[in-house]
Amino acid sequence: MFLHRFLMVLCAAGLLFPTPDALAQTDTLAAAAITGNGLRGVITPGQEAPAALLKGAADLGEVVRMFSGLQLKDYGGIGGMKTVNIRSLGSEYTGVYIDGIAVENAQNRQVDLGRFAPESFSGAEYYVGEQAGILLAAKEFCTAGSLYFYSVPIREDRTELRLRGGAFGMVSPSLAFQKCFRKGWCHRSEVQTTFAHGRYPFYWKQYDTTMTRENADIQALRLQSRLEKGKWKSTLYFYDSERGLPGAVIRRPKGQLLSADRQTDRDFFLQSIWKDENWCIRGKYSWRYTRYRTDPYRDPSAMPVDNRYLQHNAYLSAAWHHPVTRQWALETAADLEYDYLDANLPDFAYPHRLGSWIAVGNLFTFKHLRFSANLAWQGAADRVTTRTSGFSRQNDFRHFFSPSLVANTNIGPFTIDAFVRRVCRMPSFNDLYYTLVGNAALEPERALLSNLGIKWNSFPIRNLWVETSVRIFHNSVRDKIVAVPTTSSFRWSMYNIGRVEMTGADALAHLRYSWSHKRNYLDLRFTYTWQHPDKIVPYIPEHSISFAGDCRLGPWQFCLSVLSNAERYTTQTAFPEYRLSPFLTADARVRYTWREWTGGISLNNLTDSDYEYVKGYPMPGRHLLLSLQYGF
C-alpha cells in the first residue's frame with residue numbers, strides 16, 4: 001500500500017506544485033493534440049508493435065506476445081483460441097479495440113485474437129493503466145489496459161491477392177480490394193478463407209512418447225468491408241468457422257481420440273465512428289452464434305452435449321473534449337450497452353444486461369508537466385427471464401467507481417510517468433448464469449493498480465535512435481473470481497476469494513538505425529517482465545523475455561522474434577504435477593519484394609521446443625509457412 005500512497009502524493013504534487021517553468025507556460029494544449037489515429041493518449045507512454053510483425057505474422061497472437069507486461073494464452077494450432085491479459089489480471093480486464101471501438105463478448109469476456117487477420121491492420125498499440133488521452137470512450141477509463149488495432153489506411157486504388165500455406169495442411173487464399181471515389185469516399189473490402197487439417201506431432205513427456213494432435217481441423221471464412229469519408233468510418237465484419245476442439249492431452253487407449261468435440265462460430269458486427277477535434281460518436285451492433293457439441297460415437301467417454309448460444313449486443317458512446325483554459329481541458333464521455341444471451345439449455349436464465357459508463361476527466365498540460373485526474377462510474381443492471389432457485393439475485397444492479405490519477409513530466413531526455421487507478425471486473429454471463437457453472441451472488445472483482453516508470457529517449461544521432469524504459473507496478477485484487485470443479489468436470493463452482501497482491505516490473509529497450517535515406521533500417525526491440533505475487537497465480541511466469549529484430553535491405557526484409565517464459569503452475573499449489581516447464585522459442589521470417597510481387601518464408605519454433613501455454617495443450621514444433629502476394 002505504500003507504493004499506492006506514494007504515487008498518489010506524487011501525482012497530486014505535480015498538480016498542486018508545478019514547476020516555475022510550467023506556471024510561466026503560455027502555450028495552448030498543443031502538446032495534447034490528437035495524434036495519428038486520434039484515439040490514443042498522450043500521458044501514459046505506450047508500446048507499438050513493429051510494423052514488420054504485422055505484415056507477415058501468422059496471427060495476432062504472434063504480434064502481441066512481444067509486448068512487455070502482456071501475457072498470451074495460446075491453445076495451439078491454426079484454430080486454437082488466443083487470448084491476452086495484462087500483468088496477471090486476467091483477460092477480462094483487457095480492452096481490445098479495433099479503430100477505437102471495443103470488441104465485446106458478454107458471455108465470457110474472452111476476446112479471441114485468432115479471428116482477425118494481421119494484414120488487415122497497419123498498427124498495434126498497447127497501453128497499461130490509463131492513457132489519459134483525448135476523446136476516449138467512457139469504457140476505456142474502466143480497464144486495466146488497452147490493446148488497439150488500426151485498420152490499413154485507404155490512400156489509393158489497389159487490389160491485393162494473397163496465398164498462404166504450409167504446415168498443418170493449411171491453405172489460406174485472400175483478396176483485398178480498395179478504391180477511392182469522388183468527394184472523399186473510400187472503400188476497402190477483404191475476403192479470406194482458411195482450411196487446415198491441424199494435425200501435428202508433439203512429445204508427451206509424462207509417458208516419453210510422440211503423439212499426433214488430432215481433431216484440430218478448421219474451416220473458416222472472414223469477410224470485412226470498410227467505408228469512410230473524412231471524419232466518419234464504418235466497418236462491417238463477418239466470421240464463420242467450423243473447427244475441432246482437440247481438448248487437453250490425457251491418457252487414452254491407443255488409437256482413441258483425445259477429444260471429438262466440435263465448435264461452430266458465426267460472428268457479425270457493424271460499427272461506425274465519427275470524430276472531429278471536440279466530439280467523437282461511436283456505435284456498434286454485434287450478433288454472435290456459438291454451437292458446442294460432443295460426439296459420443298467417436299468418443300465413448302463423452303456426455304451427449306449440443307449447446308447453442310446466441311448473443312446480441314448494441315453499443316453507443318459519445319465523448320466530448322472542451323479546452324477550458326490554455327492549460328486545462330475537460331473530457332467527458334458516456335457509454336450505453338445492451339447485451340442479451342439466448343441458449344437451448346434447460347432452466348437457462350436468458351439474461352439481459354444494460355450496462356452504462358460515465359467518465360469525467362481533467363487534462364492539464366504545462367511546459368514539462370502533464371497531469372490527468374479522472375473519475376469514471378460503471379453500472380450493470382441484470383434481468384433474467386427464467387426464475388429458478390439457482391438465481392437468488394435475479395434482478396440485480398452492480399456498480400463501481402473508478403477514480404484515477406495520471407502524471408507525466410519531462411526532465412531533459414527523461415520522461416517520468418506514474419498512475420494510481422481503481423478498476424473492477426464485472427462478472428460475465430457465464431460466471432453468473434450458466435446452468436452448471438453460474439453463481440448469481442458473485443460480487444465484482446476489484447483491483448487497485450499503481451505504476452511508476454521512467455523512459456529515456458536519445459536524440460537522433462546520424463539516424464540512430466534509442467529508447468529505454470523501466471516501470472515498476474503493484475496490483476491489489478479483492479474478491480477475485482475463481483472456478484473450481486465439483487462433482488465432475490462438467491459441474492463447476494464460481495466464488496469470490498480474498499485479496500491477491502502482485503508486484504512486478506517491465507523493461508523495454510528499443511534501437512533503430514536507418515541509412516540510404518531511411519529506405520534501409522535495423523530495428524531491435526527487447527522486453528523483460530518480472531512478476532511476483534504473494535501467492536501462486538495460475539499460468540503466470542515470474543520472468544518472461546522477448547526479442548524482436550527487423551532488418552530491411554533493399555527488396556529484402558529479415559525478421560527474428562524470440563520468446564522465453566519461466567516456469568508456471570496450473571493451480572495455486574506448487575506440486576510438481578502442476579508445473580509447466582520453462583521454454584524458449586524463436587521464429588524467423590524472410591520477405592522479398594520484386595515489382596508487384598512479395599514472397600515470404602516463415603520458419604516458426606526454430607528451436608523445436610516442446611512447450612505449452614496452457615496445460616495439456618501442446619504447441620507445434622518446428623514448422624514452415626509460405627506466403628505469396630500480388631498487388632496492383
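A: Let us begin with an element: strands are DSSP runs of E with at least two residues, and helices are runs of H or I with at least four, numbered from the N terminus. Here, leucine 628 is found in strand S37 (residues 623-631). This is a predicted model, in which local features need pLDDT of at least 70 and side-chain atom pairs count only at pLDDT 80 or more, while totals for chains, interfaces and linings use all residues. Residues are numbered from 1 along each chain as its sequence is written, and side-chain values use heavy atoms, with hydrogens and water left out.

Q: As what does leucine 628 count, at its relative accessibility?

A: Buried means under 20% relative accessible area, exposed over 50%, and partly exposed in between (1.4 Å probe, protein chains only). Leucine 628 has 43% relative accessibility and therefore counts as partly exposed.

Q: Which residues form the nonpolar patch on the surface?

A: Patch residues have over 30% relative accessible area and no salt bridge; nonpolar side chains (Val, Leu, Ile, Met, Phe, Trp, Tyr) are joined within 5 Å, like charges within 9 Å. A salt bridge is a side-chain nitrogen of Lys or Arg within 4 Å of a carboxyl oxygen of Asp or Glu. Areas come from the Shrake-Rupley method with a 1.4 Å probe; for residues, only the protein chains shown count as cover. The patch consists of Leu163, Val171, Leu553, Trp556, Phe558, Val590, Tyr592, Trp594, Trp597 and Leu628, together about 900 Å² of accessible area. Two or more residues each come from strand S30 (556-565) and strand S33 (583-594), with S33 giving the largest share, three.

Q: How many aromatic pairs does a search of the whole structure find?

A: A pair of aromatic rings is described by the distance of the centres and the angle of the planes. Rings of Phe, Tyr and Trp (its six-membered ring) pair if their centres lie within 6.5 Å; planes under 30 degrees apart are stacked, over 60 edge-to-face, the rest tilted. The search finds 23 aromatic pairs. In one, tyrosine 127 and tyrosine 148 have ring centres 6.0 Å apart and planes at 80°, so the pair is edge-to-face. Tyrosine 127 lies in strand S6 (residues 121-128) and tyrosine 148 in strand S7 (residues 145-151), so parts 21 residues apart in sequence are tied together.

Q: How are the rings of tryptophan 597 and tyrosine 630 placed?

A: Their centres are 4.6 Å apart and their planes at 40°, so the pair of tryptophan 597 and tyrosine 630 is tilted.
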